[in-house]
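Thanks for passing this one along. Here are my notes, in the order I'd want to talk them through.

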Amino acid sequence: MSQTAGVVLQVIVVGGGLSGLAAAFALKKAGHKVLVFEKNKDRRRIEAAIASPPNMTRILKEWDIGEKLLANAGRHTRINFVDGGDNTFIGALSSAIFDVVKKDAMADFFVLEYNDVYDLLYDAAVQAGVEVRFDSFATKLEPLKGCTRVHLRNGQIFEADVVIAADGLNSGTWQDVIADNVALESSDKILLVKTTAPVSVLEQEGVSLRQVSKDTVAWNFYLGDGFLCHGCAPAETYFMISSFMNLDCTGEATEAEWTDLKDIPPYLEKVISEKLSNELQRILRLSKSISVRLRGFPRVSDSLVCSSARTVVVGDAAHVATQAKYHSTALAIEDAQTLGYLFSRIQDKSQILGFLGAYDEIRHPRAIRIHENDNRRQAILMAPKGPQQEARDARIRAVLEAAERGDINEDLVMDDWGDHVVTAMYNATEKAEDWWMQLGPSVVKSPVRSRLSVSMASTTRNSPSEAA
Ligand SMILES: Cc1cc2nc3c(=O)[nH]c(=O)nc-3n(C[C@H](O)[C@H](O)[C@H](O)COP(=O)(O)OP(=O)(O)OC[C@H]3O[C@@H](n4cnc5c(N)ncnc54)[C@H](O)[C@@H]3O)c2cc1C
């Protein structure tokens with residue numbers, strides 16, 4: 001991203017998670033003045049494993065950051081499929097398959113820890129000249145002629161040429177400005193249970209993490225009837241997220257956290273003991289932290305841009321992954337790269353709306369696609385007991401057997417995993433470049449493009465709440 005813009009825009013990013021920091025970094029490198037408002041008081045710490053598939057790895061390399069992080073990170077080379085009810089090994093996507101994708105994509109798969117990725121992006125953004133203000137809760141976006149005002153809860157008001165809504169799932173700022181005002185989540189609920197367990201403790205207790213070697217990372221998918229647990233250990237901690245559908249948790253807190261499993265409520269104890277294999281139960285019971293989140297199934301909004309508020313939405317606020325959040329961070333990094341590429345070409349403030357429209361045209365179809373794929377995969381991985389599950393398991397077994405004979409059965413791999421492969425191969429820079437070659441000149445000449453149809457929501461709408 002060597003080109004820099006012909007005009008310096010004031011960009012405000014609401015939310016300093018991974019997507020906000022990545023967008024801030026890319027827009028600063030594109031030549032703009034960037035201010036990030038983060039409601040937390042300090043740098044974020046989350047215990048989580050983050051996948052860096054080729055579509056993300058490639059961008060980190062293009063940005064010239066992360067060499068050291070990637071050099072020391074575990075390469076992701078395998079997905080194991082295990083029956084989550086009785087712990088039978090079903091099959092695997094083995095390293096031979098990962099190698100084919102990696103070769104075609106010309107970048108590798110890694111598994112990283114959230115805090116390492118956060119520190120990398122935070123340091124890169126600040127070193128590039130981004131200002132990050134903590135303890136700064138954005139409550140309202142107010143569109144004016146020629147700029148948007150960002151109101152903070154402490155009463156301060158700032159003006160921006162462009163606002164980036166990077167405030168995560170159920171983005172308060174985004175809901176504040178979009179006109180359709182349709183709930184971003186359905187009323188059906190999914191329960192997400194996140195656990196972290198020390199690898200040394202699991203190993204001492206004889207739990208098999210199904211790692212093939214010390215310096216590569218296997219991701220374990222435990223498939224069950226109406227549930228899916230997936231776990232991996234990029235270093236010393238085994239991170240696992242379990243998703244359960246159709247549970248009766250009426251009246252329970254939508255978010256809660258415990259450090260002692262003895263404290264978990266009866267409904268959760270019942271799910272664990274009735275649904276999960278003994279192996280999975282041991283992983284949960286040996287965990288040092290457990291948190292739950294009960295949420296609806298998200299939907300993608302009709303546009304990723306609100307022209308009147310000069311706002312674009314990025315990261316989890318834009319892309320919605322229901323269960324396996326494998327692609328979440330990679331998509332946030334793609335968003336940032338797309339913004340950086342486009343806004344390094346802006347020459348005049350009159351072109352802002354055209355460039356926002358370009359972002360929408362490139363990223364909205366991708367957000368929809370990922371969402372559809374995610375739902376489709378969920379149906380396959382959480383299939384109920386019976387013929388659908390048996391057919392799925394037979395396909396998984398056949399893929400592994402073929403790979404072990406040195407034969408990649410592409411048809412079988414692509415049947416269930418084609419969209420995953422295609423997602424990992426996506427090249428955000430090339431996409432933006434293609435778009436620019438074809439439509440860039442028209443945006444520069446005639447700034448407002450067709451998809452920019454989202455208008456300002458009613459000003460009587462509530463401000464984003466603390467829970468956002
Ligand atoms: C608790 C938690 C656990 C996770 N675990 C995993 C995992 O195990 N594996 C995985 O792949 N991914 C996980 N993720 C998701 C992953 O971190 C995200 O997909 C990715 O980092 C992109 O997130 P984001 O920056 O778009 O959103 P977030 O990480 O949600 O960041 C949004 C930021 O905006 C801030 N914010 C919100 N509202 C306002 C406001 N009004 N004003 C100012 N600031 C605001 C928030 O404090 C937050 O820092 C987890 C996310 C969370 C929050």
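**Notes on the predicted model**

1. The shell around the ligand has 35 residues, and Gly 15, Gly 17, Gly 168, Gly 315 and Ser 328 come nearest.

2. Which elements build that shell? At least two residues each come from helix H1 (18-29), strand E3 (49-52), helix H6 (172-177), strand E15 (237-245) and helix H10 (328-343).

3. Stepping back to the overall build: the protein has 14 helices and 19 strands. Its C-alpha atoms fill a box of roughly 60 × 50 × 40 Å along the principal axes. A compact globule of 468 residues would have a radius of gyration near 23 Å, so the 22 Å of this protein agrees with that.

4. Among contacts with a separation of 6 or more, 77% are between residues 24 or more positions apart.

5. Now the sheet I'd look at. Six strands make an open, mixed sheet, running E7-E2-E1-E11-E19-E18. The edges are strand E7 (131-133) and strand E18 (305-306), each of which pairs on one side only.

6. Strand E1 (residues 10-14) has 4 of its 5 residues buried, so the rest of the structure largely encloses it. E1 pairs with strand E2 (residues 33-37) in the parallel sense, over 5 bridges. In that pairing, Ile 12 has Leu 35 of E2 as its bridge partner.

7. Further along, strand E11 (residues 162-165) and strand E19 (residues 311-313) are also parallel, with 3 bridges between them. Here Ile 164 sits opposite Val 312 in E19.

8. Nonpolar side chains tend to be buried together in soluble globular proteins. In this model, the largest nonpolar core has 125 residues, and Ala 23, Leu 121 and Ile 164 touch the most other members. H10 supplies the largest share of this core, 9 residues. That helix also gives at least two residues to the ligand shell.

9. What does Ile 164 touch, leaving out residues up to four places away in sequence? The list is Val 11, Val 13, Val 14, Gly 20, Ala 23, Val 312 and Val 314. Ala 23, like Ile 164, is one of the residues that touch the most other core members, and Val 312 is the residue opposite Ile 164 in E19.

Conventions:
Residues are numbered from 1 along each chain as its sequence is written. This is a predicted model: local features need pLDDT of at least 70, side-chain atom pairs count only at pLDDT 80 or more; totals for chains, interfaces and linings use all residues. The radius of gyration is taken over C-alpha atoms; the globule rule is 2.2 Å times the number of residues to the power 0.38. Two residues are in contact if their C-beta atoms, placed from the backbone, lie within 7 Å. A residue is near a molecule or strand if its C-beta atom, placed from the backbone, lies within 6 Å of it. A nonpolar core is a set of buried Ala, Val, Leu, Ile, Met, Phe, Trp, Tyr and Cys residues joined through C-beta atoms within 7 Å. A residue is buried if 20 or more other C-beta atoms lie within 10 Å of its own, exposed if 12 or fewer, and partly exposed in between; C-beta atoms are placed from the backbone. Two strands pair if DSSP finds at least two bridges between them.
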